[in-house]
Amino acid sequence: MFLSASPPLLPGDPAPSFYQRTPSNPRYAFDSAAGRYLVLCFFGSASDGQSQATLAAAFARSDLFNDQHASFFGVSNDPDDETGQRVANKMPGFRFFWDFDFSVAKLYGARPTETAANADVTQRLWVILDPTLRVIAAIPFRPNGSDAAQVLELVANLPPPDRFAGIELQAPVLLLPRVFEPDLCQHLISLYETYGGYESGFMREIGGRTVGVSDPRHKRRKDYNIEDSALISALKARFMRRIVPEIAKIHQFKVTRMERYIVACYAAEDGGHFAAHRDNTTSGTAHRRFAVSVNLNDDFDGGEVSFPEYGPRSFKAPPGGAVVFSCSLLHKVSRVTRGRRYAFLPFLYDEQAAKIRECNAALIGKNGSGYRAG
């Protein structure tokens, strides 16, 4: 029996986050899959008879692993699984990680320590996670294969993902009306309509540097960058009066800085949307503490902000109203199906975070996080 490389995960523990290569993505962010039950299966190698039977049992339950109720993630440590095409993603519901360096296995206690007799032998294991990426159960493989039946029965009997805690949860966000006056909202919209916007893309960590990339499947949005210093001062003043005190009251956090001044447009004609993401996952964005989404209009359909880890409920602030939330929360913007959604979308942080931003400035690559700070 081999000792795990880290203490075993217990029910209630937060699951370690990681990036790893998959058959379709060179750097898949595992925590972006939150919002449904996730089942990690550390099967080692698909050449093994028990692993083959385990994968077959999982594939037979596409009713469970449908990316709505649950998703299956197989973790392979055998390079021959890739080169021999023994396993492959099967959408929806089934994905595989190429964990040939055992980095994910080590995080989850599925790899023996280097002091074990054979350090290349994997501790085969199932880990079942709730929609907020907290452990429900960790179940080792058994010689008779009964572990697969136990896991599948457990997943089948779990409540709907939006009731995983026994009640419907409220995402930990603030919704604040009357942040901007109607005239200011209209003025910001008119700036966009007069000057237009540019496709804004999103940030990725590539080769240790934060770079701007574009993928219309992940995000479609155009932004106008506000340059008028008097207008920027007016926007900051409203935040200081109407948003900063609420953050201090609820989160005991003193906001002192503001990043980027843009009018963003999610347009139906562009298929405007933003897939599930977090706002502080790269070196160039690690300083961000709170995101603020101020709607400037309401004559559109879709374009609502939701937080998959806490259920399907979405938020549409009234014109001039703001949704305020931690940058570490997984969130997405649904596709706009009618009209255009205009919004003011800054980030807030403090002096300590400003030092992080300054230290990481050299890690921002071409087309990186180039929005001006305040």
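**Close-up views of strands, salt bridges and helices**

**View 1. The pairing of strands β16 and β21.** Strand β16, which covers residues 273–277, and strand β21, which covers residues 331–333, pair in the antiparallel sense over 2 bridges, where two strands count as paired if DSSP finds at least two bridges between them. Helices (H or I, at least four residues) and strands (E, at least two) are DSSP runs, numbered from the N terminus. The bridge partner of Phe 274 in β21 is Val 333. This is a predicted model, in which local features need pLDDT of at least 70 and side-chain atom pairs count only at pLDDT 80 or more, while totals for chains, interfaces and linings use all residues. Residues are numbered from 1 along each chain as its sequence is written, and side-chain values use heavy atoms, with hydrogens and water left out.

**View 2. An open sheet of 5 strands.** The strands of this sheet follow the order β12-β16-β21-β18-β19, and their pairing is antiparallel. Because β12 (219–220) and β19 (314–315) stand at the edges, each with a single partner strand, one side of each is left without a neighbour in the sheet. Strands of a sheet pair through backbone hydrogen bonds, either parallel or antiparallel.

**View 3. Strand β13 and its partners β9 and β15.** Strand β9 (residues 198–199) pairs with strand β13 (residues 222–225) in the antiparallel sense over 2 bridges, and here Glu 199 stands opposite Lys 222. Strand β13 also pairs with strand β15 (residues 262–267), again in the antiparallel sense, over 4 bridges. In β15, the bridge partner of Lys 222 is Cys 265.

**View 4. The hairpin of β6 and β7.** Strand β6 (residues 125–129) is joined by 5 bridges to strand β7 (residues 135–140), and the two run antiparallel. Within this pairing, Trp 126 stands opposite Ile 139 in β7. The hairpin has 5 residues between the strands, and Leu 133 takes a positive phi near 65°.

**View 5. The salt bridge of Arg 238 and Glu 181.** The side chains of Arg 238 and Glu 181 meet in a salt bridge at 2.8 Å, N to O, a term that requires a side-chain nitrogen of Lys or Arg within 4 Å of a carboxyl oxygen of Asp or Glu. Arg 238 lies in helix α6 (residues 229–242), whereas Glu 181 lies in the loop between β8 (174–176) and α5 (182–195), so the pair ties together parts that are 57 residues apart in sequence. Glu 181 counts as partly exposed at 29% relative accessibility, where buried means under 20% relative accessible area, exposed over 50%, and partly exposed in between (1.4 Å probe, protein chains only).

**View 6. The salt bridge of Asp 223 and Arg 221.** The side chains of Asp 223 and Arg 221 meet at 2.8 Å, N to O, and both residues are buried.

**View 7. The packing of helices α5 and α6.** Helices α5 and α6 pack at an angle of about 140°, with their axes 13 Å apart; axes are lines fitted to C-alpha atoms, for helices over the stretch in contact, and angles run from 0 to 180 degrees between N-to-C directions. The contact (heavy atoms within 4.5 Å) is made by Leu 184, His 187, Leu 188 and Leu 191 of α5 and by Leu 231, Leu 235 and Arg 238 of α6.
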